[in-house]
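Hi there,

Here is the structure I promised to pass on to you. Have a look at it first, and then read on for my notes.

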Amino acid sequence: MHRWIPPARRAFSTAPATAAAAAAAAARATVPVAHLAPLPASLPDSGYTVAPPVQPWPRRLTARSLSRLLLRAATPDLAVLALRHALVHATPPLAPSLPIFAAALSRLARADADAAARHLTPVLSALRAARLPTFSDRPFLPLLRALRPLPSLRLFLSLPSFNSRPSVRSFNALLHSLVSARRLRLAAALFRASRAKLYITPNLVSCNILLKGLVGIGDLDAALDVLDEMTGWGIVPDVVTYTTVLAAYCGKGDLQGAQKLFEDIIATGRRPDVTMYTVLIDGYCQCGKLQDATRIMDEMEAAGVQPNEVTYSVVIEACCKEGKSVEARDLAREMLGAGYAPDTPLCAKVVDVLCQDGKAGEAYEMWKWMVKKNVAPDNAVTSTLIYWLCKNGMVKEARKLFDDLERGFMPSLMTYNSLISGLCENGELQEAGRVWDDMVERRYEPNAMTYEAMIKGFCKMGKSAEGSTIFKEMVAKGCTPSKFLFRVLVDSLSEPRHDDTLCQILEAAALSGRDFLDGESWEIFIRKVLNTSESWKKHLDLALSI
């Protein structure tokens, strides 16, 4: 009988298995690997590319084509990615050049200040690494103006690191950024240190930028100091300089100082331009001195300086404000004769002041003349004129004006309301009803003003029952009646025979579920109750209990 002998224990070894053993182990593997393709020894050089971030990408990449692409980039982020791709990943990479970076900086300048600052660092790093030959500071000017004050200052001080020399142009762009952000103390400090520390001599533009900032914050004394020192710096003030300081005087209401400065300008042999005259005229108008404003305007024309659109507008608006309808009308005609078309708000003011002065017919004739002079018809002006024509009994003219507007434009709800209100004021209820129907056909929904015009018109003609019916429809549609309308209804229904109608109005307002009746509105009805019968009190008690 054979005795079982265990096999000899193999010693543990880290030696590699034989080829046969490896083959056997592979055969016993549970995961098949035959389907895996063999990996190449290395990646092919020509097969690896980075997709351009902007499409379509230029087929032939040049400095010119890339510059156009950067300027047209939808966002600054895409512009920076396109610049990086062209300089690093393109095949072959594009050589850095000044036009490329100028286009990238220009695109960043068109973005908002925060986005420009956020994307500026990679562009400046690439520009610094490019080591371009010495170039002017012109490519940086738009960006210096667009950035916020501190990033703009940092960029200005770092210009030499890009091989660009700062000049008075880039200094003025920096001043513009500081003044626009109202960092006047920093701007003034840089201005004073520009010669000794920055080796830049400020010019006339520099002074005008600083003056504009000082005037903008109302610091007239500092602005006058700069004006006085300009001569010592060898800088001769120009029309812009004087106009800026003149505007500061007028803004503070110091017309005496403004007039003295104006006379000094003329005494030095300089000829004020239309802008300077207009600033002084506007100063007088703002202080309510219309007579002095017209005097300056006459002196301007005598000096051979013709008023412009702004000059006319300033004086016409002042005339309208003071209710001088004839002067406003004459100046508007003179303005049109000079070839200037007043804007819509100014036309509306002239029409309104004429109508308020009882000259609706003249306003109508003037408006027709304005349209002939190519002033575009406008719903706001037409609405004002239609209302006043109807109020003055010129219903035929109002309807004609409305029809003329309708041929070229879609009348607004405001225009319909003006015509309906004017017709109701004049007792033309039937015509007002036709206009109402036309408005509804055009899918305009009557509003509170439309309802109130019709209700007042019916009450004025003694047809309170019809007015009450429209009132019920008004509150049912959710339009809020005014307190004046409540008073009109109470007054028109003051006779005892209208008590039931008035009670129905009160109940309709209370039952509508909306907060139509406040304290003042209730007071109108309560006063009515104190002087009426017990039946009225019964209706009021019912409304109060709801």
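**What turned up**

Let me begin with D228, a residue of helix α11, which covers residues 220-232. Please keep in mind as you read that this is a predicted model. D228 has a relative accessibility of 58%, so it counts as exposed. D228 also belongs to a patch of negative charge on the surface, where D219, D221, D225, D228 and E229 gather.

**Salt bridges**

Side chains of opposite charge can pair when their charged atoms come close. In this model there are 17 salt bridges, and a few of them are described here.

Take D264 and K260, whose closest N and O atoms are 3.2 Å apart in a salt bridge. Why are these two separated by about one helical turn? Both sit in helix α13 (residues 255-267), and they are four residues apart there, which puts about one helical turn between D264 and K260.

Another salt bridge brings together the side chains of D357 and K359, at 2.7 Å from N to O. D357 counts as partly exposed, with a relative accessibility of 39%.

A further pair is K477 with E445, a salt bridge in which the closest N and O atoms are 3.7 Å apart. This one links distant parts of the chain, since its partners are 32 residues apart. K477 is in the loop between α25 (464-476) and α26 (483-492), and E445 is in the loop between α23 (429-441) and α24 (448-460).

**Buried residues in the helices**

T244 is part of helix α12, residues 239-251. With a relative accessible area of 15%, T244 falls under the 20% limit and is therefore buried. What does its side chain meet? A polar atom of the T244 side chain lies 2.7 Å from the backbone oxygen of V240.

L331 belongs to helix α17 (residues 325-337), and at 12% relative accessibility L331 counts as buried. Along the chain, L331 and I316 are 15 residues apart, and 6.4 Å separates their C-alpha atoms.

V350 lies in helix α18, which runs over residues 344-356. V350 has a relative accessibility of 2%, so it is buried too. Which residue is 22 residues away in sequence and 6.3 Å away in space from V350? That is A328, with the distance taken from C-alpha to C-alpha.

**If you open the model**

Methods. Residues are numbered from 1 along each chain as its sequence is written. This is a predicted model: local features need pLDDT of at least 70, side-chain atom pairs count only at pLDDT 80 or more; totals for chains, interfaces and linings use all residues. Side-chain values use heavy atoms; hydrogens and water are left out. Patches are made of residues with over 30% relative accessible area and no salt bridge: like charges are joined within 9 Å, nonpolar side chains (Val, Leu, Ile, Met, Phe, Trp, Tyr) within 5 Å. Accessible areas come from the Shrake-Rupley method with a 1.4 Å probe; for residues, only the protein chains shown count as cover. A salt bridge is a side-chain nitrogen of Lys or Arg within 4 Å of a carboxyl oxygen of Asp or Glu. Lys and Arg count as positive and Asp and Glu as negative; His and the chain ends are not counted. The place of a charge is taken as NZ of Lys, CZ of Arg, CG of Asp or CD of Glu. Buried means under 20% relative accessible area, exposed over 50%, partly exposed in between (1.4 Å probe, protein chains only). A polar contact is a pair of N or O atoms within 3.5 Å; within protein, one must be able to donate a hydrogen and the other to accept it, and residues adjacent in sequence count only if both atoms are side-chain atoms.
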